[in-house]
Amino acid sequence: MNELIFFFNKVIISGMVLGSIYALGAIGITLIFGILRFAHFAHGDMMTMGAFITFLLASAATALGFTAPLPMGFMVLPIAMFIAAFMALGIDKSFYAPLRARGAKPVTLLIASIGVTLMIQGLIRLFFGVKSRTFFASEPKEIYRIDMSFLGATRPITITEPQILMIIVTIIAVVALHFFLTKSKFGKAMRAMADNADLAQVSGINTKLVIRVTWVIAGSLAAMAGTMLALDVTLKPNLAFNIILPIFAAAIVGGLGHAWGAIAGGFLVGFAETMAVFNWAVLLRPFREGLPSWIPNDLSIVPTEYKLTVAFVILVIVLLVRPTGIFKGASS
Amino acid sequence: MSLAVKKALFLYGALFILIIGVGIVMGAPFGVRLMVEALAYSLIALGLNIQWGYGGLFNFGIMGFLMIGGFAVTFVSVPVNMEFWNSDGPFMLLKVIIAAGIGAMFIIGANKLPKIGIKGKAQKTAQIIAWIGAYILYRSQIDPAAEYIEKTSTFVGGLGLPVLLGWAFGGVLAAIIAYIIGKICLGLRTDYLAIATIGVSEIIRALIKNMDWLTRGTLTVSPVPWPVPKPQDFQLMGAETLQSFVFARASFLIIVLIVVLLALFLIQRAYNGAWGRMMRAIRDNHIAAASMGKNVKSRQLEIFIFGSVLIGIGGAILTSFAQIFDPGGYQPINHTFVIWVMVIVGGAGNNFGALFGGVFIYIVWVLSEPVSQALFINLSEVSTNIGWSAIPDIESRSLQMRVFVLGLVITLALRYAPRGLIPETFHQDKDEEITANKS
């Protein structure tokens, strides 16, 4: 039984957490791709930027003497999302909109987004230095241990408070986004524009406004994802730069431009990563006596150092076998 | 002399003055070192210019190829590790190679199954089983071998061969890897290709970083030998310390310069020949080119390999000049994106543009640290004078400024000079030149 609990902790919970982060990031990338048709590389750094905004707000709130039952970083998140949305609009207005107005190809926008990535990275490191920070300097990070002794296990299921919040917030964001895209006027306009931008424009949709709404959603979701990630691990300048690639993998696996696909892709990549590095020999431990001795003690599919590569292997396989992703994404 | 050529000559002249100025301000040893690295980077930029400028192929995996080049020159030129050759290591590695060979035969066999009438789902299943079987077979041999080598002799060591051979091997190894990647990825659309190549370069980084038995991983290999006498050798011959550095680096610079000029000569000839015309035709409209009977896919593979060879050689030069192979030191920003900035700012599709961009951006990249440090120190004085506190951690902060400067340069270039400083030119008539109209 202990082995199953271990499996649950290492694979199910870690996979859920990782999957939530990837899904939140991939939604933003996939929405931007659907509307503006370019791979937005600066998304990871928008996540990091959002996390730093939250950190500043949380530090300010703590310094002013506010206390909260939940982590302070989580309480100020809505304000941070609001600010991040404005910053996303500003980035679009100053760097991408002039290129679009010139009729530049999507590739040019992609390269511009690399430039934006570098600028955000540089600014964050300039102002905050390269050291790691934590949201839990002044408050404890609560860890819940769910006792499983009624199943005959001695190990508990462990999950931290930020992880629970992260999973809940992801679910809320996904459901809200679903209703936004299917029920609201803007959501329908967005889907129309993702399908065919020219047709959407001639049928009277204000495409400029739709683009702004897209940036607002993408920016605020990026801030949310970045903050949740920073709450779970630590806050550092290359926080999301390192996971932008699995996020892209998730978006592509789910089919670029497809919001639901991004969520599915995120969880798929997250679980694949945790399952690939899990040592499956642990599950065989209770039957150790009955098994032949040539079975090694380490049965993980790939060594832990190669965790990051799992996403790419999945990505490459998907690109080769089904280039539009598991759900049919925008393929133009 | 046309206007474009005049502008290019002017820019090169200005660059020359800049280099001389840097040499005077920062000292000759620094100036020569800067030039060696800048030329190595411009060789890499020429490689990317072949891929992106000629062929329109989006390679975001430059870091991976640089690492391959660096590994290649380390493997070839580092002295032989007798401890390894006297142990059981070589025999175990032979077993690994045999296991990998058998695994490859499984996979090839599964791919050939349709010939004996097994098709569809059955063949797909067989393919998957073959891949899994090959992987298990390989892991069953490599894991104990790696553990044994790391324990008895830390790593396999080098071959002790001349450094220039190592540079060539860097090109060859990069070509082999480029062939494999190109076969898998080149059919993809631009942005997918960008992400796939980034992914591949991250896989290469993870492999080189963690295959301690082959590369020593993060323990780093040093010293990697030079193709020319080192400063110490000049000192033994009686030169002063400062002079010895200038002499040694200058002789290194000459070799790099020869390599770069040779590469430039060859690709410039290819560019102006029928081959270059065909490549541009494929880049600008691959459907039209295909309908004219050009084999688009194999031509693109060709161009991807050619570019990668230059990138691999450049990576090898950088590693042997630094005298250390440190897989942990490779970062996408320093080794992929900076090259892109060089090509975009210099002018994609124009070799002289890429060369100019390579040298110029490298100088900007290196100098933005001391310049911003000086700026911060001044600002800090001002802020202390008016009663505010001084700026803390000036040194570590100014190091980060270069990332910001790089981003600023590329966004400004895209907005105000989208075709680069020395843009691609089309020769329509003998006298008339129009600049390419792409954005």
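**A walk through chains A and B**

Of the 332 residues that make up chain A, 47% count as buried, and this figure, like every other given here, comes from a predicted model. Chain A holds 13 helices and two strands, and its C-alpha atoms fill a box of roughly 70 × 55 × 40 Å when the box is taken along the principal axes. A compact globule of 332 residues would have a radius of gyration near 20 Å, and because chain A has 21 Å, its value agrees with that expectation. If we take the contacts in chain A with a separation of 6 or more, 76% of them are accounted for by residues 24 or more positions apart.

From chain A we can turn to the place where the two chains touch. Here 35 residues of chain B are in contact with 39 residues of chain A. On the side of chain B that touches chain A, at least two residues each are supplied by helix 8 (190-210), helix 15 (332-346) and helix 17 (394-416) of chain B, and it is helix 17 of chain B that gives the most, with 13 residues. Sorted by class, the residues on this side of chain B are 22 nonpolar, eight polar and five charged.

The crossing in which helix 2 of chain B passes helix 14 of chain B is left-handed. Among the residues that make this contact are B:Val36, B:Ala40, B:Leu43 and B:Gly47 from helix 2 of chain B, together with B:Ile303, B:Gly307, B:Leu310 and B:Gly314 from helix 14 of chain B. By class, the contact of these two helices has 18 nonpolar, five polar and one charged residues.

The other pair is helix 5 (residues 89-111) of chain B and helix 6 (residues 120-153) of chain B, whose axes come within 9 Å and cross at roughly 170 degrees. Helix 5 and helix 6 of chain B are therefore also roughly antiparallel to each other. The residues of the contact between helix 5 and helix 6 of chain B divide into 20 nonpolar, nine polar and one charged.

Key:
Residues numbered from 1 in each chain as written. Chains lettered and ligands numbered in written order. Predicted model: local features only at pLDDT ≥ 70, side-chain atom pairs only at ≥ 80, totals over all residues. Contact = placed C-beta atoms within 7 Å. Helix = DSSP H or I, 4+ residues; strand = E, 2+ residues; numbered from the N terminus. Nonpolar A, V, L, I, M, F, W, Y, C, P; charged D, E, K, R; others polar. Left-handed = near helix turned anticlockwise from the far one by under 90°. Axes fitted to C-alpha atoms, helices over the stretch in contact; angles between N-to-C directions. Parallel < 35°, antiparallel > 145°, perpendicular 65-115°, else oblique. Rg over C-alpha atoms; globule rule 2.2 N^0.38 Å. Buried ≥ 20, exposed ≤ 12 C-beta atoms within 10 Å, placed from the backbone.
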